[in-house]
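Have the sequence and the 3D view open, and try each task before you read its solution.

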Amino acid sequence: MDWYESANHSDRPDTVVPALHRVTGWSESDTVLFLFNKWTIYKTTWGVFLRNWRAFLRMNDEPLIIRPGNNVYICFGSSGGIAWGYRPVHQAESQLEWVSAEPPSSACS
């Protein structure tokens, strides 16, 4: 499947969302983390991501999606491929509390 091709041709049937449903089995109310890069992580619901996946993937820097406490991950490759797999999940991850963080301040004056 080529997510990049599907993203650029919204007039064609969406093959990405049905495939993601099959791979994950997540419900639309599940919290997911969209790891855009190592500095930018978006917390949203699976349903919001599925309805707006083209906007999330506006830059193809190989972002990841994980669901805290679940071992499935999804990676959107820069060439348009979608990869998924299983990662180790530690008990501590399910007990994380997500808080807003201030952007890092400059250490140099």
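pLDDT is the predictor's confidence in each residue, on a scale from 0 to 100. Helices (H or I, at least four residues) and strands (E, at least two) are DSSP runs, numbered from the N terminus. This is a predicted model, in which local features need pLDDT of at least 70 and side-chain atom pairs count only at pLDDT 80 or more, while totals for chains, interfaces and linings use all residues. Residues are numbered from 1 along each chain as its sequence is written, and side-chain values use heavy atoms, with hydrogens and water left out.

**Exercise 1. Confidence**

Task: Find in which element of the chain confidence is lowest and in which it is highest.

Solution. Then go to the elements: the lowest mean is 82, in α1, and the highest is 95, in α3. A word of care: where pLDDT is low, the predicted coordinates should not be read in detail.

**Exercise 2. Strand pairing**

Task: Work out which strands pair, and in what sense.

Solution. Two strands pair if DSSP finds at least two bridges between them.

- Step 1. Strand β1 (residues 31-35) and strand β2 (residues 41-45) run antiparallel, joined by 5 bridges. Leu-35 has Ile-41 in β2 as its bridge partner, and the two strands form a hairpin with 5 residues between them.
- Step 2. Strand β3 (residues 64-66) pairs with β4 in the antiparallel sense over 3 bridges. Here Ile-65 is bridged to Ile-74 in β4. This hairpin has 5 residues between its strands, and Gly-69 in the turn has a positive phi of about 85°.
- Step 3. β4 also pairs with strand β5 (residues 82-86), antiparallel over 5 bridges. Phe-76 stands opposite Ile-82 in β5. In this hairpin, Gly-80 takes a positive phi near 105°.

**Exercise 3. Aromatic rings**

Task: Count the aromatic pairs, then say why the rings of Trp-3 and Phe-76 are classed as they are.

Solution. Rings of Phe, Tyr and Trp (its six-membered ring) pair if their centres lie within 6.5 Å; planes under 30 degrees apart count as stacked, over 60 as edge-to-face and the rest as tilted.

- Step 1. This rule gives 11 aromatic pairs.
- Step 2. Trp-3 and Phe-76 are edge-to-face, because their planes stand at 90° with the ring centres 6.2 Å apart. This pair links distant parts of the chain, with Trp-3 in helix α1 (residues 3-8) and Phe-76 in strand β4 (residues 72-76), 73 residues apart. Both Trp-3 and Phe-76 are buried (under 20% relative accessible area; exposed is over 50%, partly exposed in between, with a 1.4 Å probe and protein chains only).
- Step 3. Trp-46 and Phe-49 are stacked, because their planes are at 10° and their centres 5.7 Å apart. They lie 3 residues apart in helix α3 (residues 46-51), so about one helical turn separates them. Trp-46 is buried at 0% relative accessibility, and Phe-49 is buried at 1%.
- Step 4. Ring pairs build a cluster whose members include Trp-3, Trp-26, Phe-36, Trp-46, Phe-49 and Phe-76. The charged end of Arg-58 sits over the ring of Phe-36, 5.4 Å from its centre (the rule: NZ of Lys or CZ of Arg within 6 Å of the ring centre and within 35 degrees of the ring normal).

**Exercise 4. The core**

Task: Find which residues of the largest nonpolar core touch the most other members.

Solution. A nonpolar core is a set of buried Ala, Val, Leu, Ile, Met, Phe, Trp, Tyr and Cys residues joined through side-chain atoms within 4.5 Å.

- Step 1. The largest core has 20 residues, and those touching the most other members are Leu-20, Trp-46, Phe-49, Ile-65, Ile-74 and Phe-76.
- Step 2. α2 (16-24), β1, α3, α4 (53-56) and β4 each supply at least two residues, and α2 gives the most, with 4.
- Step 3. In β4, 4 of the 5 residues are buried. Beyond its neighbours within four places in sequence, Ile-74 is in contact (heavy atoms within 4.5 Å) with residues including Leu-20, Trp-46, Ile-65 and Ile-82.

**Exercise 5. Two residues compared**

Task: Decide whether Thr-44 and Val-48 are buried, partly exposed or exposed.

Solution. Thr-44, in strand β2, is buried at 15% relative accessibility. Val-48, in helix α3, is partly exposed at 29%.
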